[in-house]
Amino acid sequence: MPRKIKAPEQELRFTRSGQAPTFWVASAVLAAMAMTLLASAIYREVNPALPHPAWALIPLALATAAARTAWRLTRHAYLILTPLGIEIFPFFRPATTMRLVYWQEIDAAELDADLTLLTLHHNAERSSGLHLSLAPIREDRRELLAKAITARVSGVPHHQPV
């Protein structure tokens, strides 16, 4: 269970907004399919072989689910950097399966060249740690995440408000 943060304004939140465009596009395509099926109802008297308009409910329900998923990916956190450590929220059941990695547990942090994989090492031998995919985070936000984590892990002093 995460501890209460004394200063929530000191958090850096990173969402899965890099995955959201795929779901927004899927939602738009499915909504267009539903509208096409509904529009075909006009010509059903002329051509009875056209599908019944009720078939539009299936792509409409899928479009709603895709839009809801896209909204959730855009709004909810994937990684939160706090004064205590890094909070990691998985895709499924994030409230119950979130993980907090304290800064004291991290010996080193490593990022690959294209900023898609973050490795948090728990020991100096680098035999224990955690791999986090940064693909869900928008590309323009990954550099900020990389700077924040490497600065914190390397021990660079950061500005404390007075």
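Which element provides the largest share of the lining of the second largest pocket? In this predicted model, the largest share of that lining, amounting to 5 residues, is contributed by α2.

The protein chain contains 4 helices and 7 strands. Along the sequence, these elements are arranged in the pattern β-α-α-β-β-α-β-β-β-β-α. Of the 162 residues in the protein chain, 30% are buried. Among the contacts with a separation of 6 or more, 50% are accounted for by residues 24 or more positions apart.

Helix α1 spans residues 20-39 and thus comprises 20 residues. The distance from its first C-alpha to its last is 29 Å, close to the 28 Å expected at 1.5 Å a residue. Buried positions in α1 are Ala20, Ser27, Leu30, Ala34 and Leu37. Viewed down the axis of α1, these buried residues fall within an arc of 105 degrees, so they line one face of the helix. On the other side of α1, the residues Thr22, Val25, Met35 and Thr36 are exposed. The cover over the buried residues of α1 includes α2, which runs from residue 57 to residue 75.

Helix α2 also takes part in the second largest pocket, where its 5 residues form the largest share of the lining. The volume of this pocket is about 310 Å³. Its lining consists of 14 residues, and those nearest the centre of the pocket are Arg72, Leu73, His76, Phe91 and Pro94. Two or more residues of the lining are given by each of α2 and α3, the latter covering residues 94-97. By residue class, the lining of the second largest pocket divides into 8 nonpolar, 2 polar and 4 charged residues.

A further site of interest is Thr15, located in strand β1, which covers residues 12-15. The relative accessibility of Thr15 is 19%, and Thr15 therefore counts as buried, since buried denotes a value under 20%. When neighbours within four places in sequence are left aside, Thr15 is in contact with Leu73, Thr74, Arg75, His76, Ala77, Tyr78, Pro136 and Ile137.

How values were computed:
Residues are numbered from 1 along each chain as its sequence is written. This is a predicted model: local features need pLDDT of at least 70, side-chain atom pairs count only at pLDDT 80 or more; totals for chains, interfaces and linings use all residues. Side-chain values use heavy atoms; hydrogens and water are left out. The expected span of a helix is 1.5 Å times one less than its number of residues. Buried means under 20% relative accessible area, exposed over 50%, partly exposed in between (1.4 Å probe, protein chains only). The arc is that of the directions from the helix axis to the C-beta atoms. Contact means heavy atoms within 4.5 Å. On a 1 Å grid over the protein atoms alone, a cavity is a set of points where a 1.4 Å probe fits but cannot get out, and a pocket is an open set with protein on both sides within 12 Å along at least five of seven lines; lining residues have an atom within 4 Å of a point. Grid points are joined across faces, edges and corners, and a volume is the space filled by probe spheres set on the points. Ala, Val, Leu, Ile, Met, Phe, Trp, Tyr, Cys and Pro count as nonpolar, Asp, Glu, Lys and Arg as charged, and the others, Gly among them, as polar.
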